[in-house]
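Dear colleague,

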Amino acid sequence: MNDILCQHGEELVRRLNEEEITRTKPGSGSYLLFGSRPSPQSLNIKFGRKFEKWFHQAVILGNNDYEMMKCGVWREIQKDLDLIFRDNQNKVIYYRELKCNIDLDTEKIVSTYEKVLYIQDHLRVKFPEYRIDVAILAWATYDKEEITAQSKIKKCSRHGVPVEDPSSFFDLININISKKEYYDYFRHIGKRIGGISE
């Protein structure tokens, strides 16, 4: 795996460890069973947000001519764009909604693919000379066939939003990261995240 990308992840973990992770509180099942401990939900949200930047860096480091576009909230549509970049030579804009957990409840999966379609429509109007390629990048498993929530993948696809896995994404951006490297790396990252082994 690319050394710069590995170091970038280490820096993201350092920053994550500086943030306070919400602890379970009285009134929750987790608190009843285990007492006060770092909330897995809080950790997942903070981890997911931090590591969106890891995928930005992967695009930059890939053997490609892609140009990163402004990620974050686009005020004209009041939507947060997780990862957007373009291929100016082939006139393609790629938008990826990053989800560490694709196994969302029914309302959340609907709002996720509707958000992607809304952004796609906006990009088509704003950049009519470009083909717009959108997907949900479900990055908690290297191959989407391993995802247990296959019904969620099918639901997104039926509504015109494909679900992409890291394996396909790495092919798109032309960076070599094997399945073993990916899992070994994130298991290493997991060991570096403080406060979860209590």
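The notes that follow cover the pockets, then several helices, and finally some individual residues.

This is a predicted model, in which local features need pLDDT of at least 70 and side-chain atom pairs count only at pLDDT 80 or more, while totals for chains, interfaces and linings use all residues. Residues are numbered from 1 along each chain as its sequence is written, and side-chain values use heavy atoms, with hydrogens and water left out.

Pockets

A pocket here is an open set of points on a 1 Å grid over the protein atoms alone, where a 1.4 Å probe fits, with protein on both sides within 12 Å along at least five of seven lines; lining residues have an atom within 4 Å of a point. Grid points are joined across faces, edges and corners, and a volume is the space filled by probe spheres set on the points. Helices (H or I, at least four residues) and strands (E, at least two) are DSSP runs numbered from the N terminus.

The largest pocket has a volume of about 610 Å³. It is lined by 18 residues, of which N44, I45, K99, C100 and L104 are the closest to its centre. At least two lining residues come from each of α3 (40–61), β5 (92–99) and α4 (106–126), and α3 provides the largest share, with six residues. By class, this lining has five nonpolar, four polar and nine charged residues. In this classification Ala, Val, Leu, Ile, Met, Phe, Trp, Tyr, Cys and Pro count as nonpolar, Asp, Glu, Lys and Arg as charged, and the others, Gly among them, as polar.

The second largest pocket has a volume of about 310 Å³. Its lining includes F47, C100, W139, A140 and Y182. Helix α7 (residues 179–192) contributes the most to this lining, with six residues. The classes here are nine nonpolar, one polar and one charged.

Helices

Helix α1 (residues 3–18) has 16 residues and reaches 23 Å from its first C-alpha to its last, close to the 22 Å expected at 1.5 Å a residue; the expected span is 1.5 Å times one less than the number of residues. Its buried residues (under 20% relative accessible area, against over 50% for exposed and in between for partly exposed, with a 1.4 Å probe and protein chains only) are L5, C6, G9, L12, V13 and L16. They lie on the same side of α1, because they cover an arc of only 115° around the axis, the arc being that of the directions from the helix axis to the C-beta atoms. The face turned away from this buried side carries the exposed residues D3, Q7 and E18. Among the elements that cover the buried residues of α1 are α3 and α7, where contact means heavy atoms within 4.5 Å.

Helix α5 (residues 150–158) has K152, I153 and C156 as its buried residues. These cover an arc of only 100° around the axis, which places them on the same side of α5. S151, K154 and R158 are exposed on the other side. The cover over the buried residues of α5 includes α4, β6 (131–138) and β7 (163–164). Just after α5, G160 takes a positive phi of about 85°.

Individual residues

S39, in the loop between α2 (29–34) and α3, is buried, with a relative accessible area of 13%. Not counting residues up to four places away in sequence, S39 touches I21, T22, R23 and T24.

S167 is located in helix α6 and is buried, at 19% relative accessible area. Leaving aside neighbours within four places in sequence, S167 is in contact with Y142 and D143.

Q78 has a positive phi of about 55° although it is not a glycine. Q78 lies in the loop between β2 (72–74) and β3 (79–81) and counts as exposed at 58% relative accessibility.

Yours sincerely
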